[in-house]
Each structure stands twice: as C-alpha cells, then as structure tokens.
Amino acid sequence: MFDHRLSSEYEELRRTVAEFANDVIAPKIAEFYEQNEFPYEIVREMGRMGLFGLPFSEEYGGMGGDYFALGLVLEELARVDSSVAITLEAAVSLGAMPIYRFGTEEQKREWLPKLTSGEMLGAFGLTEPEGGSDAGATRTTARYDEATDEWVINGTKCFITNSGTEITGLVTVTALTEPLTRSNESGAELSPTREISSIIVPTGTPGFQVSKKYSKVGWNASDTRELSFTDCRVPAANLLGQRGRGYAQFLRILDEGRIAIAALSTGLAQGCVDQSVSYAGTRRAFGRPIGANQVIQFKLADMEMRAHTARLAWRDAASRLLQNEPFKKEAAIAKLYASEAAVDNAREATQIHGGYGFMNEYPVARMWRDCKILEIGEGTSEVQRMLIARELGITSA
C-alpha cells in the first residue's frame with residue numbers, strides 16, 4: 001500500500017538537500033545561468049554529499065538508497081534550480097543506471113565507483129536528429145570488426161545532457177548493429193530485423209567528437225550537446241548487456257527516468273508556489289498586499305493543488321518500482337501530469353509577479369524558461385498519452 005508520508009530517514013535526506021539548495025545553490029546559480037556556465041563547484045559538493053550514488057549499492061561506491069530517495073532529492077533541487085537538478089538526474093538515471101542495470105561485473109567495477117562519487121559524469125546517447133519520439137528509428141550504426149574484436153560506430157546523436165563537461169567520462173550509445181536474419185520452418189530466409197544494441201564509448205576515443213554547447217531557451221547552467229561518431233572504434237567488451245537488447249534496455253531506463261523527471265517537475269511546480277506566495281505577501285498594489293485579492297488567492301490554491309497532486313503521482317510510481325510491481329502506466333501518468341503542472345504553475349507565477357516575472361533576477365523567470373522542456377524530454381506529452389492508452393488496452397488500428 002502506497003503511503004505518501006516520509007519515514008524519518010527519507011525526511012532527513014529531504015531536509016538536508018533542501019538546506020543545501022537554499023543555502024548553496026540559490027545564492028550562486030543565477031550567475032552561472034546567465035553566463036551559460038556549468039556549476040562545477042556545486043556539482044562537486046553534490047558528489048561529496050553522495051547524491052550521485054543515491055540509488056546504487058555500496059559495493060560500487062553508492063549510498064545503498066533507492067529511486068524514491070533520488071526523487072526526493074530531485075524535487076528539492078528543482079524547487080530552487082532545474083539546471084542542477086537535470087545534471088543529477090541525467091548523470092544517475094541515464095549515465096550510471098544503464099551500466100548498473102545491464103553491465104557486466106567488469107564494466108560495473110570499472111565505471112560505477114567514479115560515476116557514483118560524482119568524480120565522473122556519464123551520458124546516454126539515444127536521441128538523433130531524425131529520431132526523437134521515434135527512438136526505434138535509430139540510424140547510428142555499429143559494425144563488428146572481427147579482425148580487431150572492435151565495434152566501429154558511425155552516426156550522430158543530439159540533445160545529449162552531460163556529454164561535454166570537463167568531468168564527462170563516457171557516453172552509452174544506442175546503435176543499429178548488423179540486422180539479424182531469420183528463417184521460417186522451411187528454411188526460407190525472412191526479412192532481417194532491426195537489431196539495436198547499447199555500447200559504452202569513453203570520452204576521448206578517436207572518432208568521437210563533441211560539438212559546442214547548444215544555445216538553449218532554458219537549463220542554461222546544464223551541459224547539452226550534439227555528438228558525432230566517425231569510424232569510432234571501441235573494444236567489443238564495451239557492449240552493454242546482450243547484443244540486440246539495446247531497445248529493450250532504453251525502454252526500461254526511460255520508464256524509470258520518467259519518475260525522476262516527474263519528481264523534478266514537481267519541484268519546479270512547488271518552487272513557483274513558494275516564490276509566488278512570498279511575492280504576493282510583500283508586493284503591494286492599491287494600498288494592500290496583492291495576496292489579499294481573491295483572484296491571486298485562487299491562482300495560488302490551484303498552483304498548490306497541482307504541485308501536491310504531482311507529488312503524489314511520482315511517489316506512487318516510485319513506490320511501485322521499489323516493490324517490483326508494474327509501473328509503466330503510473331510513470332507515464334506522473335511524468336505527463338507533473339510536467340504539465342510545472343508549465344501551468346510557471347505561467348501563473350509569472351503572471352502573479354507581473355513585470356518582475358519577466359526579469360531574470362527573479363527565480364520565476366528562470367523557472368518559466370526551464371519548464372517547457374519537461375513536456376518534451378524523456379518522452380513528449382503525446383508519447384505519454386500513447387503509453388497510458390496502450391496500458392489501458394487501447395491500440396491504434
């Protein structure tokens with residue numbers, strides 16, 4: 001049975017991260033954001049706090065926590081700033097988690113201690129210029145060279161978070177490996193199937209090029225880049241998990257990641273409430289605080305309702321994951337609702353702040369710039385609705 005109330009351990013973690021976000025991140029992040037700079041010192045401090053190792057076992061340098069704990073941390077970080085929150089989310093859910101879930105023991109022991117400590121960041125190369133929501137339409141290829149026992153990778157990935165920082169150590173790339181041929185009972189060859197595999201590519205590998213940072217609308221203090229691979233060779237041992245299982249692997253990773261994005265979205269939605277309540281109590285118009293006006297009170301009530309409901313949604317999905325219960329539908333619901341709640345709350349927070357909401361010195365301006373991508377990344381709102389309908393047994397003709 002899902003219980004929304006936090007245990008003492010979870011509450012202590014939440015409170016510790018909330019204090020860190022308010023005392024360390026809040027005073028500094030605006031400058032990083034406006035200068036489009038990655039906040040290395042803040043990230044290093046997060047590493048020292050053990051945040052990058054939260055859901056991983058201690059044998060690989062982790063904290064022995066779980067995905068629920070990660071969600072709590074992401075919510076509290078995003079309550080103050082989403083660039084820092086997405087850096088942690090991508091490093092854990094997309095950078096380290098694939099290796100933890102599907103890697104060999106050798107791969108785990110080689111990479112995870114550095115990833116879980118925050119000494120190194122990992123990235124996940126999935127999205128391509130012509131394959132966003134249609135992730136199965138991968139065009140990046142990986143050809144096995146039997147003579148050298150290597151994979152030769154060619155292709156392009158786009159919108160990849162944490163892929164070009166000074167501490168990025170690897171990118172796990174999904175690639176189309178040689179198609180599998182099948183035969184029917186009579187021995188006749190059938191059409192080949194698309195075989196997608198995941199391969200670890202260390203930073204600095206010849207043929208692996210990282211482009212300059214994107215000029216983005218939001219998340220300006222996070223790192224997002226395009227990657228290209230030109231006859232990039234890595235050892236055959238860098239194959240992550242079973243060959244041909246790459247598509248199934250990233251579907252699992254995205255299902256989990258949607259819970260994390262929902263928690264992050266909830267934090268942004270709640271941050272909009274926090275900022276707006278404070279502003280409504282101090283901003284005066286027509287001789288009284290604007291919070292005395294019922295129209296403002298109703299806006300704040302609706303904003304709090306959305307944040308509260310989003311929180312219940314992601315916590316429910318996370319609890320199902322921890323109990324090894326089916327959670328695909330609940331993760332999609334949480335991601336869909338929380339991301340749309342973040343957008344709605346950011347819009348209303350900007351309206352409550354009036355002209356000041358359009359000034360970058362106010363956190364709600366940053367939140368307004370950051371919110372829209374939450375309806376796009378790790379599965380668009382349209383994709384979430386497709387997934388929910390499919391889980392209800394409704395399929396397209």
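Tyr 60 counts as buried, because its relative accessibility is 5% (buried means under 20% relative accessible area, exposed over 50%, and partly exposed in between, with a 1.4 Å probe and protein chains only). The model is predicted, so local features need pLDDT of at least 70 and side-chain atom pairs count only at pLDDT 80 or more, while totals for chains, interfaces and linings use all residues. Residues are numbered from 1 along each chain as its sequence is written, and side-chain values use heavy atoms, with hydrogens and water left out.

**Aromatic pairs**

- The whole structure contains 12 aromatic pairs (rings of Phe, Tyr and Trp, the last by its six-membered ring, pair if their centres lie within 6.5 Å; planes under 30 degrees apart count as stacked, over 60 as edge-to-face and the rest as tilted).
- One of them joins Tyr 60 and Tyr 100 edge-to-face, with 6.2 Å centre to centre and 85° between the planes.
- This pair links distant parts of the chain, 40 residues apart: Tyr 60 lies in the loop between α2 (40–48) and α3 (67–78), and Tyr 100 in helix α4 (residues 82–102) (helices are DSSP runs of H or I with at least four residues, strands runs of E with at least two, numbered from the N terminus).
- Tyr 10, Phe 68 and Trp 314 are linked into a cluster by ring pairs.

**Charges over rings**

- Lys 108 places its charged end over the ring of Tyr 100, 6.0 Å from the ring centre (this requires NZ of Lys or CZ of Arg within 6 Å of the ring centre and within 35 degrees of the ring normal).
- Over the ring of Tyr 33 sits the charged end of Arg 366, 5.8 Å from the centre.

**Helix α5**

- Helix α5 (residues 105–117) has 13 residues and should span 18 Å at 1.5 Å a residue, which agrees with the 18 Å between its end C-alpha atoms (the expected span is 1.5 Å times one less than the number of residues).
- Shortly before the proline Pro 113, α5 has a kink of about 40° at Trp 111 (the bend is the angle between axes fitted to the seven residues ending there and the seven starting there).
- The buried residues of α5 include Lys 108, Trp 111 and Leu 112.
- Gly 118, with a positive phi near 85°, follows α5.

**Strand β3 and its partners**

- Strands β2 (residues 141–145) and β3 (residues 150–161) pair in the antiparallel sense over 5 bridges (pairing requires at least two DSSP bridges between two strands).
- Tyr 144 has Trp 151 in β3 as its bridge partner.
- The hairpin of β2 and β3 has 4 residues between the strands, and Asp 149 takes a positive phi near 60° there.
- β3 also runs antiparallel to strand β7 (residues 224–235), joined by 9 bridges, and Ile 153 has Cys 232 in β7 as its bridge partner.
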